[in-house]
Amino acid sequence: MPTARLPRPAAFWTVTVLLVLVLAASGVPSPLYRVYQEQFGFGPGVLTLVFGIYAFALLAALLVVGGLSDHVGRRPVLAGGLLLQAVAMVVFLAADGVGWLLAARVLQGLSTGALTGTLGAALLDLQRGERPLGPLVNSVSPGLGLSLGAVGAGLAIEGIAEPTPWVFGVLTVVFVLGAATASVLPESSPRLPGALASLRPQVEVPRPQRRAFLVAVPCLVALWAMGGLVLSLGPSLTAGVFGLTDHLVGSLLILCMQGAGAVGGLLARDLAPRRAMAGGCVVFAVAVGALLVSLVTGAAWLFFVSAAISGLGFGAAFLGAVATVTAGVAPGRRAGLLSSIFVVGYLGFSIPAIAAGIASAALGLELVAVVYGAVVIALALGAAVGLRLSGRPDPAAAPVEEPAEPLAA
């Protein structure tokens, strides 16, 4: 008997939930880093290594299998990636030292890298033509997922004597069920030939989208670099600079930035993509400047408020960047292009944060954060200026199946 498939609207929202869950799981370890530091006795350098190795594994998966679902179908990649995510949760459960943490993060990174482009492409495939929501969901899901994961883990730390078995046990069951759910999703990929050739590590940007992609690169790097700093060293900053040592407070910092990122994307959904990207970059840069002032003055309230406002700018700018770059992309190129966007994002997410963690041992966390923020501000403002100088988008990149503006049209 043929397997029953979900109708497209139900499949769209099922894929949305799966994407948010995967990203939430990637945010769960952030509040737990300080717990692991206390248990296993390692410093900021090792902490950012544990954080960064996840991003490098994710990048490897994006480069190798990021476009695979364009060739073999979305369902097989989703099922395999979700099962690998469940295995990563089991390794977290068994972790009793830094080596186990590194192994768990590698597995989680490989899974997330395989799933990110595939889930994002499935959203573009399944969205309704008269009201396309794919770019919006792709842009707000990182902030929403990371916030849910970080706050959920923070609450578990405060309310449960042994939080890790509960957190990772529940996630293991969730991802096994998610893998089973993949079997009832409709197959939405055109399944282009060349599956083996697609496994060569590559950044796949179709020619019509290359100009927009290059314009968006500084924006993506700035946004994700700041996100990497907050997720890896944010709880340490709140404890070391402001003396706020409660584990839940560190989670609330992540909520302020990443949760506001989801709100920023929603608020900017009716803006033209280029306007959302440019305006978001300016708001983001101003807010990061205020955040640096809070570090120098020791004003904790300003630190959290500016983190939230920077999140609003992040959400708007990232939505605009995703919508601008993916406008008009052919169905068989969607997973590869989205994977390339996330390759740039996760490079900005990982390498600067690792460098900051290493430098903080010699220079101090506060000074490193100030220099880091200044570079991020320069990149964000440079992206807004570059977008302005690039003029109107190339007609070749005009949308084929979806209107470029407004996003909610």
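Helices (H or I, at least four residues) and strands (E, at least two) are taken here as DSSP runs, numbered from the N terminus. On that basis the protein reads α-α-α-α-α-α-α-α-α-α-α-α-α-α along the sequence, with 14 helices and 0 strands. The model is a predicted one, in which local features need pLDDT of at least 70 and side-chain atom pairs count only at pLDDT 80 or more, while totals for chains, interfaces and linings use all residues. Residues are numbered from 1 along each chain as its sequence is written, and side-chain values use heavy atoms, with hydrogens and water left out.

Turning to overall form, the C-alpha trace spans about 55 × 50 × 35 Å along the principal axes.

Of the 409 residues, 57% are buried, meaning under 20% relative accessible area with a 1.4 Å probe, protein chains only. Contacts (heavy atoms within 4.5 Å) with a separation of 6 or more come to 87% from residues 24 or more positions apart.

A closer look at one residue brings these terms together. Ser 26 lies in helix α1 (residues 8–27) and is buried, with a relative accessible area of 6%. Leaving aside residues up to four places away in sequence, Ser 26 touches Tyr 54, Arg 105, Gln 108 and Leu 146.

Note on methods. Buried < 20%, exposed > 50% of the residue type's maximum accessible area, 1.4 Å probe, protein only.
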